[in-house]
Amino acid sequence: MINFEGIEIDQDLLERTNPIFNTAKMTLFQLAATGHEDAEAVAKKLNLTQKDTQDSKTVKADEADLFINSIIMEVRYFTNGKLAKESGFTEVDLPCGFTPRAIEFAKSGKKYVGMDLPATINEVEPAILSLLDEEQKKLVNFEGVDATNYQSLKSAFDKIDGKVCITTEGLLMYLTDSEMDAMCDNIKKILAEHGGYWITLDPEISLLYVLIVKAFYGERTREIMYQSKYRIEDKSDVETIQNTITISVRSDVQENMKNAINYITSKGFKLERIPYANHVPEFKSLENADPKIVAQIKEGFKRVCIWKITVDESDNVDISDGKTESFNADASIDGDRLNLNLTGNLDSLSAPKLLASYEKIKKDNTLNSVFIDCSKLDYVSSAGLRVLLIMQNDCEDGVTMKSCNETVIEALSNTNITHQP
């Protein structure tokens, strides 16, 4: 069995397995570009520049792209924060990214918990805390989690007393359907135990984007949307996904809306759709805009909604731990083949450990293939899949996986990784 305790997981390794981390700094800079003082302070602490945060490997962000995304970031940030404050519960930002909401809440005497991938928490926590006084720091807590890993979430939420308001923005469009299933099941358990509700802007964010781009750029809407999508995916090395809960504007919007609503109710939730128009403040990013365009956008806010999600009381939620085995890997070398026997979940928390172990083994051995026994492997997230693909591309004869369950087979479906019964 690989001894993970003896393996060093540095920031570079965390970012390689979770490159979506890069978009968190992108959105912070977009908020700072609106003149938000706390966002500017955090961006300065992290030494962020437009080039570092907005330009991808092959595409430079133009002014139109940055302008539109700054408006959308401001809408997302203020609306989510306003609803969280109105709840009166402990705010749990999942994912918190690098946005300065912790500063805003602490200054107003409210509790705040930021949860995100360890790669993000490692950087955002010291930056935020350095901007707070000692009393304000007592109201703020950060936790490294994987939203698809129930044990990591439960461990973090067990530190919170009372009801919670979970806010999610900028996450769901990056999740596969199996990841979305896992996250919904986990949040349902958390809410059933703690009480409160979940607010997410993600399902209808594409409708908001189209509304704002059309108002300003009309016929250039498709061009600007494509450029922005490509730049973000190129920056993060992760594709935005058309999953069941995110409403695509590329096909029948009404049908997509119906499917998304049916999905969330099928997961044991009740849904309230709240129009943006009920909550949006006056935005700095629109101060100098044409009043006719501003009026058009505000009218559109009546049609685009935020989702407020609560547990359906008629759904019998099992809130027992339901522990899966901790992730482990048995490793052996057979000639030029690495044999692995994986146990538990290969996700954002365990994937960096497996990659570090693989690279350490490969440094000391000549490897041409990897054979993985998956009979005890429960789940593979996008981060886990990324590590498997690194191995696949690194070895001449690639990776072969045996005895995969249906969830793992689904994760492998769009790859060239061989899997056997």
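**Entry 1: Asn47**

I looked up Asn47 and found it exposed, with a relative accessible area of 62%. For these notes, buried means under 20% relative accessible area, exposed means over 50%, and partly exposed is in between, with a 1.4 Å probe and protein chains only. I am working on a predicted model, in which local features need pLDDT of at least 70, side-chain atom pairs count only at pLDDT 80 or more, and totals for chains, interfaces and linings use all residues. Residues are numbered from 1 along each chain as its sequence is written, and side-chain values use heavy atoms, with hydrogens and water left out.

Asn47 is not a glycine, yet its phi is positive, at about 55 degrees. I placed Asn47 in the loop between helix H3 (37-45) and helix H4 (50-54). Helices (H or I, at least four residues) and strands (E, at least two) are DSSP runs, numbered from the N terminus.

**Entry 2: other backbone angles**

I noted Ser403 next, a residue other than glycine with a positive phi near 65 degrees. Ser403 sits in the loop between strand S11 (399-402) and helix H17 (406-412), and is partly exposed, with a relative accessible area of 30%.

I also checked peptide bonds. The bond from Leu94 to Pro95 is cis, with omega near 5 degrees. Pro95 belongs to the loop between strand S1 (90-93) and helix H6 (101-107). I logged these entries because most residues other than glycine have a negative phi, and most peptide bonds are trans.

**Entry 3: helix H5**

H5 is mostly covered, with 19 of its 25 residues buried. Just after H5, I found Gly88 with a positive phi of about 75 degrees.

**Entry 4: helix H7 and Pro118**

I repeated the check on helix H7 (residues 118-129): its 12 residues should span 16 Å, and its end C-alpha atoms are 16 Å apart, in agreement. The buried residues in H7 include Pro118, Ile121, Val124 and Ile128.

I followed Pro118, which is in helix H7. Leaving out residues up to four places away in sequence, Pro118 touches Leu14, Gly144, Val145 and Leu349; contact means heavy atoms within 4.5 Å. Pro118 and Leu349 are 231 residues apart in sequence, but 7.8 Å apart in space, C-alpha to C-alpha.

**Entry 5: helix H9**

I found 6 of the 8 residues of helix H9 (residues 150-157) buried, so H9 is largely enclosed by the rest of the structure. The buried residues are Tyr150, Ser152, Leu153, Lys154, Ala156 and Phe157. I listed what covers them, including S1, strand S2 (112-116), strand S3 (140-144), strand S4 (164-168) and helix H10 (177-194).

**Entry 6: the chain as a whole**

I counted 17 helices and 12 strands in the protein chain. Its radius of gyration is 22 Å, close to the 22 Å that the globule rule gives for 421 residues, so the chain is as compact as a globular protein of that length. That radius is taken over C-alpha atoms, and the rule is 2.2 Å times the number of residues to the power 0.38. The C-alpha atoms fill a box of roughly 70 × 50 × 45 Å along the principal axes. Buried residues make up 56% of the 421 residues. Of the contacts with a separation of 6 or more, 77% are between residues 24 or more positions apart.

Technical notes. The expected span of a helix is 1.5 Å times one less than its number of residues.
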